[in-house]
Amino acid sequence: MNDLSFSVNAGERLAIIGPNGAGKTSLFNLINGQFSATAGQIYFFGENVTDLPTHRRAYLGMARAFQIISLLMKLTVLDNALLTIHGTKPHRYKMLHPVKEFKDVFEKTKHSLKTLDLWEKRDELVKNLAYGEQRRLEIGLGLAMQPKLLLLDEPSAGLTREESSDIIEIIKNLGEGITALIVDHDMDVVFEVAERIIVLHYGQIIADGPPESIQNDQMVREIYMGAEECLDPVNI
Amino acid sequence: MGTGGTQTKQRRWFVNSVVVVGAFILVANPLYLSSYGEGLMTRFLIFALFAMSYDIVFGYAGLLSLGHAAFFGAGGYTVALLKLHFGVDLFWISAPFGLLVAVLTAALFGIIALRASGIYFLLVTFALGQMLFSLAWNVKWLNSKGMQGITGITLPDLAIPGFTLDSTWYYYMVLIFFVISGMLLYRLVHSPYGLALMGIREDVSRMEAVGYNTWLYKYIAFVISGAFAGIAGILFTYYNFFVSPNHLGIATSFLPMVMTIMGGLGTLFGPVIGAAVFIFVENYASIFAPQRWPLILGGLFVISIMFARDGIGVYLWRLLNKVTQGYGSIKN
């Protein structure tokens, strides 16, 4: 990161775009706590989280869907869901009672999986699901954590047009209580859901504003030169 | 295994009957076995417990530890030292002390070892185990006069009026410990904690991102694992009437590892099956091939990895699934 500083408003849909290597995933890793900041501070709803480990940040309300699907491949859909929903609950340390006894979590999990249309497949190993289903599950589980901040790292990567529009719908229906930061290369997705766009280049912010101003920004067009058409969703 | 999914009725019925038959056999053993056979079964139960404890740290938490005998031996040595230096025979003093020492050792070693991961973790656990081995070898206070190790251990005194333990009653005592430990460990791995442990084994950073303090989970697994290894070590010392530095070092540390891998990692029945195979092959092979039996055991280990990579126990489980599915379809 190169002297990077910005703030996000609660409830905002902020997209972060930039060429490969611009530092988008690194930025998410910093926000999430997977990378430690060598300099600077990170504040989350007024609290300084710079030195907090990832799991503490998750507890405070950060959820993340990773660029490379990071579900637990060798476990079932149900186990993945149960684990995610238990993650911020105090009884995740309970050792003497079977998981199924925790009815409230189980009901919540069932509800989430049914909403994602994956309840029927709950005993399938995640590695046996179709890629689109895995994506849907990962994002859906991030939502099930009821986060205040949802970090979506290339949610539409590898998806068909149809699957991408499902993802767009999910993001649009997030509700005001959730702030969403989205990194994506698919400009259709970006321009559909973003209220504000930040453009990153070599770890620096070179543009920050609503979609229309970004589309018309000279420096941004230069950086995407050669792929200039991509910034104009209508031309795809 | 996790929540085990939604199991078919047939499978559940079959598992339950295996458990019932197994329990019956275990309880009835002394009726038809010679004292040698009884001793063998006692040895099997002790090592099955030792292997199950190892499955928690390796099979479920995914931590490859090469120093698990440190806790086994710590429990055993405490009992032996209390007898040697303080003449303590009372089980209700020796055993709790032994367990406490095993737990403290695991608590200490866990903090040291978990600063590392992967191969470095393995090396640290190995080094810590060998350190205890070296202490036991060299420190006079830790040995009987003029010997390597501590002899003169007898079966424990349970302070029940009019009752003295003999080897048959000791078999039942070990059986009770095995069953209770098995039940506790079963609950542990099916609990939210157990599920989290499996998640951590698969992908630490995802689990962190979802809210789990992964270091703490691993540490707790390490200590619990050490506790049950300690119990096995205590029981083994009474069975053996003797404890030696070898019971702290790599020679003993690799045993639960082989048994667990052979039987099936991350399932609690796998280590039990692995222990059974190991103990019985060790016994019979050493009768028929007194010099070559380790070769036979080694060969068996290699073959089981080649043909039943996930473990003999898991292989049998899958066979069972195929059979019950086949039965189900025939029935229909």
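In this predicted model, let's start inside chain B, where helices α2(B) and α11(B) cross in a right-handed manner. The two helices in question span residues 35-60 and residues 269-288 of chain B, and their axes come within 8 Å of each other, crossing at roughly 140 degrees. That angle makes α2(B) oblique to α11(B), because a pair has to be over 145 degrees to count as roughly antiparallel.

Who makes the contact? On the α2(B) side, you'll find B:Leu40, B:Arg43, B:Phe44, B:Phe47, B:Ala48, B:Ala51, B:Met52, B:Tyr54 and B:Asp55. Facing them from α11(B) are B:Gly270, B:Pro271, B:Val272, B:Gly274, B:Ala275, B:Ala276, B:Ile279 and B:Asn283.

Now step out to where the chains meet. Here 33 residues of chain A are in contact with 24 residues of chain B. On the chain A side, α2 (54-60) and α3 (77-86) each supply at least two of the residues that touch chain B. The largest share belongs to α3(A), with six residues. As for the make-up of this side of chain A, it splits into 14 nonpolar, twelve polar and seven charged residues.

How confident is the predictor in what you're looking at? Chain B averages a pLDDT of 89, and 95% of its residues score at least 70. For the complex, the predictor gives an ipTM of 0.84 and a pTM of 0.88.

Definitions and conventions: Residues are numbered from 1 along each chain as its sequence is written. Chains are lettered from A and ligands numbered from 1 in the order in which they are written. This is a predicted model: local features need pLDDT of at least 70, side-chain atom pairs count only at pLDDT 80 or more; totals for chains, interfaces and linings use all residues. Axes are lines fitted to C-alpha atoms, for helices over the stretch in contact, and angles run from 0 to 180 degrees between N-to-C directions. Helices (H or I, at least four residues) and strands (E, at least two) are DSSP runs, numbered from the N terminus. Angles under 35 degrees count as roughly parallel, over 145 as roughly antiparallel, 65 to 115 as roughly perpendicular and the rest as oblique. A crossing is left-handed if the near helix is turned anticlockwise from the far one by less than a right angle, and right-handed if clockwise. Two residues are in contact if their C-beta atoms, placed from the backbone, lie within 7 Å. Ala, Val, Leu, Ile, Met, Phe, Trp, Tyr, Cys and Pro count as nonpolar, Asp, Glu, Lys and Arg as charged, and the others, Gly among them, as polar. pLDDT is the predictor's confidence in each residue, from 0 to 100.
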